[in-house]
Amino acid sequence: MNSKPQKILHVTTSKIWNQFQSLPFYETESLKNEGFIHNCTKGQLPNVIGRHFSSHQALILLEIETAKLTSHLFMEASNTKDRYPHIYGRVNKEATTSINPIHAQRYGYC
């Protein structure tokens with residue numbers, strides 16, 4: 001399946017998100033190191049939090065409307081055989097439809 005979801009999610013820490021509050025875009029270290037920003041779908045969220053954010057208390061969940069992205073989005077296979085949305089470039093803030101604090105414990109972690 002190669003179709004792109006209408007909305008995707010991105011999890012980050014409050015500390016990282018706060019660095020971009022006054023900027024018109026958001027980016028991550030993975031964009032510099034791997035060439036893309038990691039994202040997930042709603043169904044993939046619990047596993048993403050468990051694998052990468054279970055030790056963090058202050059998390060931010062970004063909901064991104066894919067039609068509004070100015071960077072390229074690709075659904076790509078990962079080592080879990082699932083396909084994850086990867087954004088190849090910065091996330092323009094106009095594409096971010098909601099920004100909410102979340103806690104890993106809500107997903108059974110911490």
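Here is a short chat about the predicted model shown above.

Colleague: Hi! What should I know before I start?
Modeller: This is a predicted model, where local features need pLDDT of at least 70, side-chain atom pairs count only at pLDDT 80 or more, and totals for chains, interfaces and linings use all residues. Residues are numbered from 1 along each chain as its sequence is written, and side-chain values use heavy atoms, leaving out hydrogens and water.

Colleague: What pLDDT does the protein average?
Modeller: The average is 90, and 93% of the residues score at least 70; pLDDT is the predictor's confidence in each residue, from 0 to 100.

Colleague: And where is confidence lowest and highest?
Modeller: Helix 3 (residues 45–53) is lowest, with a mean of 89, while strand 7 (residues 91–92) is highest, at 98.

Colleague: How many helices and strands are there?
Modeller: The protein has 3 helices and 8 strands, taken as DSSP runs numbered from the N terminus (helices H or I, at least four residues; strands E, at least two). Along the sequence the pattern is β-α-β-α-β-α-β-β-β-β-β.

Colleague: Switching topic, what are the spans along the principal axes?
Modeller: The C-alpha trace of the protein covers about 35 × 35 × 25 Å.

Colleague: What share of the residues is buried?
Modeller: Of the 110 residues, 41% are buried, meaning under 20% relative accessible area (1.4 Å probe, protein chains only).

Colleague: Nice. What about contacts between residues at least 6 apart in sequence?
Modeller: Among those, 76% join residues at least 24 apart; a contact means heavy atoms within 4.5 Å.

Definitions and conventions:
Buried means under 20% relative accessible area, exposed over 50%, partly exposed in between (1.4 Å probe, protein chains only).
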